[in-house]
Amino acid sequence: MRYNPKYIFWAMALCITALTACNKYLDITPKGYTLLTTVTNYDQWLNDYDALGLSHAPLSLNLLGDNVDQSAIPVPATDVNDLIYTWAPQYARDQSTLPTFWGQHYSVINKYNTVLAGIDEATGGTNQQKASLKAEALLGRAFEYWYLVNEYGPVYDPATADRDLAVPFVTSNDVAQATPPRSTVKEIYDRIISDINAALPNLPANNSSAPWRGSSAAAYSVLARIFFYSGDYTGAAKNAQLALDNGRATMLDFKTFNLYSYATVFLPDAIYWRGNGVFQEILPSFFSAYDPRDLRKQLWYFSQGDARGKTSFSPAFVAKSFTYTNFGTSVQEMKLIIAEAAVRKGELAIALQQVNDIRAARFPSPYQKLISSDQETVLNWVLRERGFEMPSSGLRWFDMRRLDKEGKMPAVNRYDAKNNIIATLPPHSPRYTLQIPQRVLLNNPGMPQNPGE
């Protein structure tokens, strides 16, 4: 089945339709842009962290999590952020606007597809340089599709993944081409794993000066996340360790790192950086769950008390070096993946070592290690630490989805300013899989919608 292409590329057409490297798009140079003709052009294209590094979709994903609050939310909700926060089926009342998540990811994918479409014909570089840029584009595109498959497809289930619908896998930057049908969850996972494996031999060894660019460690870290959220904990742990072993990223010790000296885009713990500034109300109950001695509680949050609306995740307001929150992969995420994989296999010593490594860098000395021989206790500690260490990384929603699949998520409520319940996300709700934006369906009438309540 072929779909009308108008909307899947709608946002992209506004700024990059004519930037493609296909010959039929080289007739006009868009105002304010330079056509991509040389290897240097393509390298600069991938070096633009404003377009490729600053992420907006994961910033909005935080609003779906069970650790956030919107104390002044109007009833009924009409703002896009408030609609996301209350898990509304659709987030846009104005169908002319760019759809959150869908449009943002496909816009970035189009930029990577532009590299893949034109780099072979670029002038002025070596074949190895071209292969390296192509590899970076494959990795970047795979990372965006990981988000899409986990937003619009069900949680990976080996028994149903070959039937569960996800998103169209678009490989062209030609906006005149018809949109392909929705691929299955398995097809998307297989494709992005294959693309990253194909990219690995040609990726740079080091991206520490620009971690939104590709590297071998970045590729392993993305594979670790992919395997982790598909339930392949062995593959996840293996690739997480490879990411740590092959990169130069280092975890910060909050006791010794000067967090107040300068503002920075990214910190040394980033393996594959995507980021943005975050200022988000959080539930007082989540804030109070931190140990009072935890330096994260002091450095990441601004609190005026326990009343709702008085506590926010706002690290940039507290310490200059936390200007941006990383939504991409980090040393800490890899260690927590290794920890959870280990505890699920009963290897508690490995799990505890990883968790204690992180906590020792987050607590004043002397740090008292967590010790237990009970698997369920250690698993709960690992899951808790994921929440404490990555509260606004865009990952909590995906953790909620996989935990709900395991029957470990209670109902989540949203409250108005008077503490009345205004929305509930029950266990196993269809809303754990986002609805295809209505604008997309209007322009692709044969595209099936996800189940709703």
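Contact here means heavy atoms within 4.5 Å. The model described is predicted.

Helix packing was examined around helix H7, which spans residues 127-152. Helix H7 packs with helix H8, residues 185-199, at an angle of about 160°, and the two axes lie 9 Å apart. H7 and H8 are therefore roughly antiparallel to each other, since angles over 145 degrees fall in that class. The crossing of this pair is left-handed. On the H7 side the contact is formed by Ala135, Leu138, Leu139, Arg141, Ala142, Tyr145, Trp146, Val149 and Asn150. On the H8 side the contributors are Val185, Ile188, Tyr189, Arg191, Ile192, Asp195, Ile196 and Ala199. By residue class, the contact of H7 with H8 consists of 13 nonpolar residues, one polar residue and three charged residues.

Helix H7 also packs with helix H6, residues 102-118. The axes of H6 and H7 come within 9 Å and cross at roughly 160°, which makes H6 roughly antiparallel to H7. The H6 and H7 crossing is left-handed. The residues of the contact of H6 with H7 comprise 14 nonpolar, three polar and five charged.

Two residues of helix H8 were considered individually. Arg191 belongs to H8 and is one of the residues through which H8 meets H7. With a relative accessibility of 35%, Arg191 counts as partly exposed, because that class lies between the 20% limit for buried and the 50% limit for exposed. Not counting residues up to four places away in sequence, Arg191 touches Arg141, Phe169 and Thr171. Of these, Arg141 is listed among the H7 residues in the contact with H8. Arg191 and Trp102 are separated by 89 residues in sequence, with a C-alpha to C-alpha distance of 19 Å. Ala198 also lies in helix H8, and its relative accessibility of 46% places Ala198 in the partly exposed class. Between Ala198 and Leu139 there are 59 residues of sequence separation and 9.2 Å in space, C-alpha to C-alpha.

Helix H9, residues 216-229, contains Arg225. The relative accessibility of Arg225 is 0%, so Arg225 counts as buried. Two polar pairings involve the side chain of Arg225. In one, the side chain of Arg225 makes a polar contact with the side chain of Glu333 at 2.9 Å. In the other, a polar atom of the Arg225 side chain lies 3.4 Å from the backbone oxygen of Phe327. Leaving aside neighbours within four places in sequence, the residues in contact with Arg225 are Phe143, Trp146, Tyr147, Phe327, Gly328, Thr329, Glu333, Ile337 and Leu395. Among them, Trp146 also takes part in the contact of H7 with H8.

Val222 is likewise placed in helix H9. At 1% relative accessibility, Val222 counts as buried. Beyond four places in sequence, Val222 touches Leu139, Phe143, Ile196, Tyr272 and Thr329. Two of these, Leu139 of H7 and Ile196 of H8, belong to the contact between those helices. Val222 and Gln70 are 152 residues apart in sequence, and their C-alpha atoms are 31 Å apart.

Backbone geometry was then considered in the loops. The peptide bond from Val75 to Pro76 is cis, with omega near 0°. Pro76 is situated in the loop between helix H4 (57-61) and helix H5 (80-85). A cis peptide bond is also present from Ser365 to Pro366, where omega is near -5°. Pro366 sits in the loop between helix H15 (348-360) and helix H16 (375-389).

For Phe101, a residue other than glycine, phi is near 70°. Phe101 lies in the loop between H5 and H6 and is buried, with a relative accessible area of 0%. For His428, also not a glycine, phi is about 60°. His428 is located in the loop between strand E11 (421-425) and helix H18 (438-443). The relative accessible area of His428 is 53%, and His428 is therefore exposed.

Key: Residues numbered from 1 in each chain as written. Predicted model: local features only at pLDDT ≥ 70, side-chain atom pairs only at ≥ 80, totals over all residues. Heavy atoms only, no water. Axes fitted to C-alpha atoms, helices over the stretch in contact; angles between N-to-C directions. Helix = DSSP H or I, 4+ residues; strand = E, 2+ residues; numbered from the N terminus. Parallel < 35°, antiparallel > 145°, perpendicular 65-115°, else oblique. Left-handed = near helix turned anticlockwise from the far one by under 90°. Nonpolar A, V, L, I, M, F, W, Y, C, P; charged D, E, K, R; others polar. Buried < 20%, exposed > 50% of the residue type's maximum accessible area, 1.4 Å probe, protein only. Polar contact = N/O pair within 3.5 Å; in protein donor to acceptor, adjacent residues only side chain to side chain.
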